[in-house]
Amino acid sequence: SHAEMFPLVNADAENPLELFQLWLNLPAADKRAAPHFAMQWAEAIPRVQVADGGGRPTTVTLYAGSFRGTESLAPPPNSWAARPESDVAIWTLELSPGAEFELPRAREGTNR
């Protein structure tokens, strides 16, 4: 059986949780790598705020990769995200009403 348990931050109050799991097939050389788990606390996850031409903000939250010179937290070892040449970027975007955001191009030579 499998269970995912997370520590309570507040013993006597609500403990909101935002969770997502993303599974990427490991590089062939790392198929037998040991499992890895890391808790990413909200206050430690890098965020970048940018504005469009009308001044409307977008918040980019970085879970893997980099954006405009800001790096995400350390990726799992032996993962595609740990290989800079793979150009992995996992972000969430929060656009204000009416905001526009253009995703940056992947680096030249990135194969998707």
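Q: Which conventions apply to the numbering and the values?
A: Residues are numbered from 1 along each chain as its sequence is written, and side-chain values use heavy atoms, without hydrogens or water. As the model is predicted, local features need pLDDT of at least 70 and side-chain atom pairs count only at pLDDT 80 or more, while totals for chains, interfaces and linings use all residues.

Q: How many bridges join strand β1 to β2, and in which sense do they run?
A: Strands are DSSP runs of E with at least two residues, numbered from the N terminus, and two strands pair if DSSP finds at least two bridges between them. Here 5 bridges join β1 (residues 47–51) to β2, and the two run antiparallel; Val48 stands opposite Val60 in β2. β2 also pairs with β5 (residues 90–95) in the antiparallel sense, over 6 bridges.

Q: Why is strand β2 described as largely enclosed?
A: Buried means under 20% relative accessible area, exposed over 50%, and partly exposed in between (1.4 Å probe, protein chains only). In β2 (residues 57–64), 6 of the 8 residues are buried, so the strand is largely enclosed by the rest of the structure.

Q: Which residues make up the largest nonpolar core?
A: A nonpolar core is a set of buried Ala, Val, Leu, Ile, Met, Phe, Trp, Tyr and Cys residues joined through side-chain atoms within 4.5 Å. The largest has 6 residues: Val48, Val50, Val60, Leu62, Phe67 and Trp91. β1 and β2 each supply at least two residues of this core.

How values were computed. Helices (H or I, at least four residues) and strands (E, at least two) are DSSP runs, numbered from the N terminus.
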